[in-house]
Amino acid sequence: MKKKYLGRGKAVALILAAAMAVFVAACGSDGGQTDSTQTQEVTTAGESAAGAASSGAAAQEGAETAQSDAGTTAQESGESAGDAETAVIGGADGATQIYIEGVGNGESLFESNENTALKVSRSEEEKQYPESGEAQIVTKVESLTVEDTGYEALQAALDQQNADEKGLAGEEAAQTMEGLSLMEEEMADSGETAETDRPVYSIESTVQMKRADEKIFSYTRMEYSYLGGAHPNTAVNSYTFDSQTGEQLQLRDIAADYDALYEYVLAQLAEYEESYGFFEGYEDTVREMFYGSSVLTGETQAEGEGQSTANSATIPWFVTDAGVTVYFNNYDIGPYAMGQVVVNIPFESQGALFVEDIQ
């Protein structure tokens, strides 16, 4: 499953208000930074993880302002903001919920489960760019460690993901520094004076645990960056592993009928198409995210759409104790101001869509 990192693959870095776009390659960079590490626990015994919440506070604050406009979208389509806030399919306990993150009900992308069966600790690595002198960019990346014994394969997978995340943050910071230097040179050549009072730019990756037990290890990362421009960039990436083997799972791995799951999610979105104001043609985007781009050209196999290459799906999802959540990031099927669109699918009422082993 392909992952977004701060909207990587799109123009995610606007340098100063001058709008110099920085496009980031997905490879690591470690040179020229200072670092510090702080450790705090995400526990299974109800211990506090307030530090983890605070580390993502700046990111959440940056997203909340734009997301609060989602109610306006509903009003413009003839429904009140109150309707958007309680958009629950079926309206009963155990019903599938579809809502706009920051507006509605249910399992929030930004909440962390601090009562997982496995004990997990997290540490935060902070780096400054440039290494010495006044910081222009600060990166903060959280890493996960399983404290319980017997999960070496899982830990190896987490170590790799942790390292990848640090590498991506470092690469984005390094590319941005190059862009800043280039722009300053161009301004100097033209006799202009570079801005001196701009804020310190930031790149953050904070973890939200969703489920961790002997079967499933599932979490999200909120990827936040402010590198100039009109607003921060926020994306939520998700990772789900087999706790025993350390294999990263695809959504089709946990689906009893992948095509039925796709149709189900699409049907839930259709009920709120007009009130939420999704992009025109969003259905094609959802289909591509489930099956890959080949389905849009009619390249389906005899055994069904679900036979498209397994790793071509980009639909983000995670597993909780209560069900499976499928979601769409900013710009996937709606504008930035809409925020993330979240479909919570509970095992209680929709368990037939998923394999029994994870329920």
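Is tyrosine 331 buried, partly exposed or exposed? Tyrosine 331 has a relative accessible area of 37%, and because buried means under 20% and exposed over 50%, with partly exposed in between, this residue is partly exposed. The structure that contains this residue is a predicted model, and the following paragraphs proceed from the whole chain to particular places within it.

The protein chain has 359 residues, and buried residues make up 52% of them. Its secondary structure consists of 10 helices and 12 strands. Among the contacts in the chain with a separation of 6 or more, 68% are accounted for by residues 24 or more positions apart. The accessible surface comes to about 15,500 Å², and carbon and sulfur atoms contribute 45% of that area.

What are its pairing partners? One of them is strand 6, residues 137-146, which pairs with strand 7 in the parallel sense over 5 bridges. Within this pairing, isoleucine 137 stands opposite tyrosine 201 of strand 7. Strands 7 and 8 form a hairpin, with 3 residues between them. As the reader follows these strands, a general principle may be kept in mind: in a regular strand the side chains alternate between the two faces of the sheet.

The structure has 3 cavities of 30 Å³ or more, and the largest cavity holds about 50 Å³ of space. Which residues line the largest cavity? They are Glu125, Lys127, Tyr129, Thr139, Val141, Lys166, Ala169 and Gly170. Strand 5 (120-129), strand 6 and helix 5 (152-189) each supply at least two residues of this lining. By class, the lining has 3 nonpolar, 2 polar and 3 charged residues.

The bond from tyrosine 129 to proline 130 is cis, with omega near -5°. Proline 130 is found in the loop between strand 5 and strand 6.

Another loop, between strand 11 (323-328) and strand 12 (341-346), contains glycine 334. Tyrosine 331, the residue of the opening question, lies in the loop between strand 11 and strand 12 as well. Although tyrosine 331 is not a glycine, it has a positive phi of about 80°. Glycine 334 has a relative accessible area of 4% and is therefore buried, whereas tyrosine 331 is partly exposed. Glycine 334 and tyrosine 276 are 58 residues apart in sequence, and their C-alpha atoms are 8.3 Å apart in space.

A further pair of residues brings helix 7 into the picture. Glutamate 263 has its place in this helix, which covers residues 258-270. Because its relative accessibility is 45%, glutamate 263 counts as partly exposed. Its C-alpha atom is separated by 9.2 Å from that of arginine 287, a residue 24 positions away along the chain.

Note on methods
Residues are numbered from 1 along each chain as its sequence is written. This is a predicted model: local features need pLDDT of at least 70, side-chain atom pairs count only at pLDDT 80 or more; totals for chains, interfaces and linings use all residues. Side-chain values use heavy atoms; hydrogens and water are left out. Two strands pair if DSSP finds at least two bridges between them. Helices (H or I, at least four residues) and strands (E, at least two) are DSSP runs, numbered from the N terminus. Buried means under 20% relative accessible area, exposed over 50%, partly exposed in between (1.4 Å probe, protein chains only). Contact means heavy atoms within 4.5 Å. Accessible areas come from the Shrake-Rupley method with a 1.4 Å probe; for residues, only the protein chains shown count as cover. On a 1 Å grid over the protein atoms alone, a cavity is a set of points where a 1.4 Å probe fits but cannot get out, and a pocket is an open set with protein on both sides within 12 Å along at least five of seven lines; lining residues have an atom within 4 Å of a point. Grid points are joined across faces, edges and corners, and a volume is the space filled by probe spheres set on the points. Ala, Val, Leu, Ile, Met, Phe, Trp, Tyr, Cys and Pro count as nonpolar, Asp, Glu, Lys and Arg as charged, and the others, Gly among them, as polar.
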